[in-house]
There are 2 protein chains.
Amino acid sequence: MTDTAQGTSRRYGTRPTMKDVAARAGVGLKTVSRVVNGEAGVTPDTERRVQEAIAALGFRRNDSARILRKGRTASIGLVLEDLADPFYGPLSRAVEEVARAHGALLINGSSAEDPAREQELVLALCARRVDGLVVIPAGDDHRYLEPEIAAGVATVFVDRPAGRIDADTVLSDSFGGAREAVAHLIAHGHRRIGFIGDQPRIHTASERLRGYRAAMAAAGLPVEESWVAPGSTAPERVRAAAAAMLEGPAPVTALFAGNNRVTVTAVRVLRELPRPVALVGFDDFELADLVRPAITVVAQDAAELGRTAAGLLFRRLEGADDPPRRVVLPTRLIARGSGETAPVG
Amino acid sequence: MTDTAQGTSRRYGTRPTMKDVAARAGVGLKTVSRVVNGEAGVTPDTERRVQEAIAALGFRRNDSARILRKGRTASIGLVLEDLADPFYGPLSRAVEEVARAHGALLINGSSAEDPAREQELVLALCARRVDGLVVIPAGDDHRYLEPEIAAGVATVFVDRPAGRIDADTVLSDSFGGAREAVAHLIAHGHRRIGFIGDQPRIHTASERLRGYRAAMAAAGLPVEESWVAPGSTAPERVRAAAAAMLEGPAPVTALFAGNNRVTVTAVRVLRELPRPVALVGFDDFELADLVRPAITVVAQDAAELGRTAAGLLFRRLEGADDPPRRVVLPTRLIARGSGETAPVG
């Protein structure tokens with residue numbers, strides 16, 4: 001490929017090129033290239049003319065594949081949801097390893113689950129000239145990214161889909177994994193199963209709730225609304241939700257926890273009970289196999305999510321202009337003990 | 001304070017100001033301000049003259065306090081060591097919370113414990129105009145940062161000290177914490193105590209080893225060199241190191257693990273043994289209280305490290321020009337069971 005800017009123009013729109021800068025400054029392309037790349041052999045006066053043309057045209061040197069080819073410091077941005085959620089550790093590291101293999105730096109930021117913050121951070125990273133973005137979205141409307149994508153910033157969504165724009169996306173099978181988790185509890189004799197999940201406006205949380213309901217419906221089991229508790233993953237909220245399901249005339253005999261933050265609190269709550277309550281958690285976590293009983297989980301492959309998303313991003317940066325892809329990775333049920341106990345109570 | 005650039009010039013050196021740009025472009029200060037802030041009311045020709053002067057002088061709009069005052073999107077960079085080490089989760093989040101309270105974005109990157117990568121990332125963040133940096137250093141020579149600091153990029157080191165430059169630094173008391181951990185094992189009757197730590201070139205690792213030796217010496221106990229195993233925290237390396245100490249004619253009866261990565265592997269190794277071996281880990285970790293026996297640790301306050309470092313950074317960004325500070329935070333021994341067993345074997 002000799003001109004990536006043209007190669008991707010059908011998909012990402014057009015933007016000023018070095019040729020445009022050269023024409024406006026009245027110099028040759030090689031001279032522009034020297035200025036842009038900080039090389040010697042340009043008089044101060046010529047450099048000023050080129051800089052002026054660059055400013056006037058809004059030229060941005062983010063023709064990423066070219067930058068990557070030349071071994072300059074390219075960078076990609078990763079927008080996470082929560083820096084302290086261990087689920088994102090392996091995902092981030094995998095994105096970084098792929099970036100590094102391509103000679104690019106990774107720059108991260110966190111939206112703290114706030115759509116306005118996500119937008120602010122994404123645009124700040126674009127203003128700081130990242131060549132591409134991997135986004136775990138907090139919001140559900142990403143049209144604000146359209147000008148950046150048109151200007152050539154490749155973008156891949158991971159863990160949750162993009163809203164109102166079409167973009168490469170890598171997800172885990174939250175629906176299928178949740179359905180399998182709940183079917184597993186049903187297979188071990190449970191009929192009254194509670195679900196404690198994250199905020200329902202989060203795609204993964206609503207998909208996991210859908211999976212819970214699908215498994216219950218497939219087994220012909222009714223769902224009491226008091227068994228369903230979507231909301232914050234703060235320990236106090238999870239504790240209160242669990243307490244409500246575990247008390248009363250028809251307490252649940254099993255819990256399905258919608259993510260690792262919920263599971264960790266559920267483990268603490270269940271240890272304090274006099275009777276055993278079965279537990280399956282969505283997401284694996286460190287030491288899940290060492291607590292007693294060891295925790296049965298539906299594991300996502302967080303590293304593979306990151307690796308796949310970064311791989312798609314570099315495909316785009318290297319010029320791929322086929323339609324956006326959607327990759328859904330399977331989950332894996334790991335039976336360790338907590339999900340295989342018979343109902344009590 | 002009316003002119004932060006001058007206010008900090010004694011400490012951070014001088015750099016081109018908007019006044020210099022105005023003088024060179026032959027326009028008023030208000031015009032430069034309009035161009036720099038993207039406001040209306042400037043003709044295209046004047047804007048070009050200003051942009052030319054900005055380029056020629058190397059003016060950078062990183063007069064941070066002013067940016068923060070005006071509510072523009074300021075940003076600070078955080079350079080971590082490992083994105084997947086849970087110790088850095090609360091630290092990162094605390095830095096982010098302080099940044100957010102100051103209206104600034106946080107941008108992260110990871111050195112993956114590689115000094116060259118650290119330098120590349122720090123300079124890339126500076127080139128992307130962060131207003132300040134919080135650095136968990138991988139390297140031991142930070143003179144490469146001197147031009148950036150002179151240009152006004154406030155810098156604070158956390159978790160490990162800066163090398164060969166003088167800068168604000170926030171550390172945990174690794175020496176004192178390690179000494180306390182080992183003294184605790186000695187107080188419970190242990191005489192043959194092994195130490196498995198991180199690479200000795202890492203400051204925290206060498207300080208913890210020093211603490212181990214100090215506690216042994218204070219108790220008049222000899223240290224067999226086969227009991228001391230600094231190195232990688234990769235599970236295979238930690239497993240091999242533990243196996244070597246736990247076999248032979250005079251096996252250790254207790255282990256002191258130098259950080260949470262080592263501790264987690266040590267927990268797995270010790271569960272496979274027929275006899276109990278006491279364990280104290282440096283760093284607390286999620287679920288340390290739920291495994292059996294629960295794990296005794298010397299806890300650092302990772303969030304407080306981040307909060308303190310970010311606080312010092314914003315002090316500098318707000319104009320403080322007193323000499324660099326060094327803050328050392330205490331650690332806290334949390335006895336949970338694994339460190340209070342008597343020696344066996």
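User: Which strands does helix H10 of chain B lie across?
Analyst: In this predicted model, helix H10 (residues 174-187) of chain B lies across strands S6, S8, S9, S10 and S12 of chain B, where contact means heavy atoms within 4.5 Å. H10(B) runs at about 170 degrees to S9(B); axes are lines fitted to C-alpha atoms, for helices over the stretch in contact, and angles run from 0 to 180 degrees between N-to-C directions. Helices (H or I, at least four residues) and strands (E, at least two) are DSSP runs, numbered from the N terminus.

User: And which strands does H13 of chain B touch?
Analyst: Helix H13 (residues 260-271) of chain B packs on the sheet and touches S6, S8 and S9 of chain B. Its direction makes about 160 degrees with that of S9(B).

User: What is the strand order in the sheet?
Analyst: The order is S7-S6-S8-S9-S10-S12 (chain B), an open sheet of 6 strands with mixed pairing; two strands pair if DSSP finds at least two bridges between them. S7 (228-230) and S12 (332-334) of chain B are the edge strands.

User: How many bridges join S8 to S9 in chain B?
Analyst: 4 bridges join these strands, which run parallel. Ala257(B) stands opposite Gly281(B) in S9(B).

User: Changing topic: at what angle do H3 and H5 of chain B cross?
Analyst: Their axes cross at roughly 120 degrees and come within 9 Å. H3(B) and H5(B) are therefore oblique to each other (angles under 35 degrees count as roughly parallel, over 145 as roughly antiparallel, 65 to 115 as roughly perpendicular and the rest as oblique).

User: How are residues numbered here?
Analyst: Residues are numbered from 1 along each chain as its sequence is written, and chains are lettered from A in the order in which they are written. Local features need pLDDT of at least 70, and side-chain atom pairs count only at pLDDT 80 or more, whereas totals for chains, interfaces and linings use all residues; side-chain values use heavy atoms, with hydrogens and water left out.
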